[in-house]
Amino acid sequence: MPMNHRLLVPRQTTHPEALAWKSAAVANGGTVSGSELNAVDRMFRSLDSQGLRSSFCRINLFVGGFNGALVPQVRGFSRSGTQYGNATDTNSNFVSGDYSLPTGLTSLVTTKCLTTGLTMSAAGLLQDSVHVSTWVLTAGTTADRSYAGWDDGSGTPRPVFRLRNRLAGVGARWTYGLTSTNLQDGVDGRTGWFCGSNQSTRCDLFWNGASVASVGSPMSTSTQSAMPPGAGVFCDTLGSITDGRLGMYSFGLQLSAAQAAAAYSIFSAFLTAIGRS
Amino acid sequence: MTLQQLLAADIDTLRQWSLVFPAALAQATSEKWQQYGSTNCVPVPVLLTDGRYMLCADVLSEVAPGGLLRAMWVNSDLEAIEAGTEVMAWNDAVAMIPVSEPL
């Protein structure tokens with residue numbers, strides 16, 4: 001009897017980090033569909049193949065139902081290494097009706113935000129090697145509120161790393177540590193993937209994978225923002241809660257232009273796969 | 001609008017209203033959350049300029065059976081909550097939030 005050729009085709013298993021996330025999401029009361037798991041699986045495989053996995057220490061793609069959406073897919077620079085921050089995002093005032101798979105998570109100005117427990121100091125993130133990213137689906141309507149980041153409140157110039165909505169209905173800006181100057185894209189009404197990234201001599205604001213603003217000031221190598229409750233989403237450490245609608249967030253090491261372009265493609269493919277816009 | 005009416009309202013209606021209550025009730029609610037709640041849903045009231053606290057009324061969508069705050073709700077002093085809570089239009093409550101620091 002001839003051998004069935006299907007027996008010779010290696011069966012692709014789900015990425016271990018995707019499986020670990022599914023287990024954690026279900027344990028937190030979430031529900032994970034097959035399509036969601038497949039999309040998370042592909043995201044991890046793409047990060048691996050692009051050599052980007054070690055640049056991220058926290059990613060939350062907001063999938064797995066409302067309770068599952070509070071469980072980040074990534075909590076460390078590798079699955080086997082040290083994990084940072086809270087195992088789940090702490091939800092201040094979001095209710096189940098604020099979430100759906102196609103729309104992501106919708107906030108309300110001054111009241112609804114997530115805190116991660118991820119401090120820069122614990123994760124070893126320095127002023128000259130850090131990124132913050134969010135996918136803004138609907139821009140905030142109140143000026144100078146934070147989409148994501150840290151603020152340790154230690155004065156001027158404030159050692160802050162956060163993405164903000166610059167004016168009502170306007171995209172975002174990256175406020176960085178050594179100067180009070182804000183790096184902003186200057187384009188109204190912008191949504192999409194925003195990423196602020198500090199390298200040793202350059203700070204970039206990336207939008208949909210391309211740098212839309214940059215500054216060449218040398219950055220400090222000091223660690224900042226050890227304050228609880230750690231990085232905020234729809235806010236920063238100290239508050240400044242925005243409204244608007246987000247599709248994901250990430251924190252980690254600095255991203256080069258090429259890395260930012262690759263990360264944008266990965267997250268864009270993820271959102272397309274789950275039908276979020 | 002009353003608290004009882006809001007308990008039967010849909011979420012779009014709830015979002016048009018806020019629950020305003022004194023510090024003592026905020027403290028009692030926080031203690032009940034610590035006993036019965038989880039980080040999946042933490043009611044965090046916002047301090048208003050008159051010293052009272054405010055939550056968006058959509059938090060009531062989680063006190064129904066199966067909701068994330070159901071256990072906290074049924075173990076709370078509901079008479080005290082009803083007596084101590086003022087239902088205020090959302091925009092009026094937001095107008096009472098202290099202006100945040102300049103950035």
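Predicted model: local features only at pLDDT ≥ 70, side-chain atom pairs only at ≥ 80, totals over all residues.
Which residue's side chain meets that of A:Arg58 in a salt bridge?

1. **A link within chain A.** The partner is A:Asp89, and the N to O distance of this salt bridge is 2.7 Å.

2. **Salt bridges overall.** Over all chains, a search of the whole structure finds 12 salt bridges. As background, side chains of opposite charge can pair when their charged atoms come close. Between chain B and chain A the count is two. In one of these, B:Arg15 pairs with A:Asp98, with 2.8 Å between the closest N and O atoms.

3. **The interface as a whole.** Where the two chains touch, chain B contributes 23 residues and chain A contributes 26 residues. Together they bury about 1,700 Å², and 49% of that area is on carbon and sulfur atoms. Polar contacts are found here too: 12 residue pairs across the interface of chain B and chain A, both residues being at pLDDT 80 or more.

4. **The chain B side.** Which strand gives the largest share of the side of chain B that touches chain A? Look at strand β3 (residues 53-56) of chain B, which supplies three residues. Sorted by class, this side of chain B has 15 nonpolar, four polar and four charged residues.

5. **The largest cavity.** Rolling a probe the size of a water molecule over the atoms shows where empty space is left. Here the count is two cavities of 30 Å³ or more. The largest cavity has a volume of about 220 Å³. It is lined by 16 residues, and those closest to its centre are B:Thr29, B:Leu55, B:Met72, B:Trp73 and B:Ile81. In chain B, β1 (17-21), α3 (23-36) and α4 (70-74) each provide at least two residues of this lining. By class the lining has 13 nonpolar and three polar residues, with no charged residues.

6. **The second largest cavity.** This one has a volume of about 40 Å³. Which residues line the second largest cavity? From chain A they are A:Asn93, A:Thr111 and A:Lys112, and from chain B they are B:Leu55, B:Cys56, B:Asp58 and B:Val59. The lining divides into three nonpolar, two polar and two charged residues.

7. **A pocket to visit.** The second largest pocket has a volume of about 210 Å³. Its lining is made of 16 residues, with A:Ala24, A:Val71, A:Pro72, A:Arg75 and A:Arg79 nearest its centre. Divided by class, that lining has eight nonpolar, four polar and four charged residues.

Conventions:
Residues numbered from 1 in each chain as written. Chains lettered and ligands numbered in written order. Heavy atoms only, no water. Contact = heavy atoms within 4.5 Å. Buried area = accessible area lost by both parts, 1.4 Å probe. Salt bridge = Lys/Arg side-chain N within 4 Å of Asp/Glu carboxyl O. Polar contact = N/O pair within 3.5 Å; in protein donor to acceptor, adjacent residues only side chain to side chain. Helix = DSSP H or I, 4+ residues; strand = E, 2+ residues; numbered from the N terminus. Nonpolar A, V, L, I, M, F, W, Y, C, P; charged D, E, K, R; others polar. 1 Å grid on protein atoms, 1.4 Å probe; cavity = no way out; pocket = protein on both sides within 12 Å on 5 of 7 lines; lining within 4 Å. Points joined across faces, edges and corners; volume = space filled by probe spheres on them.
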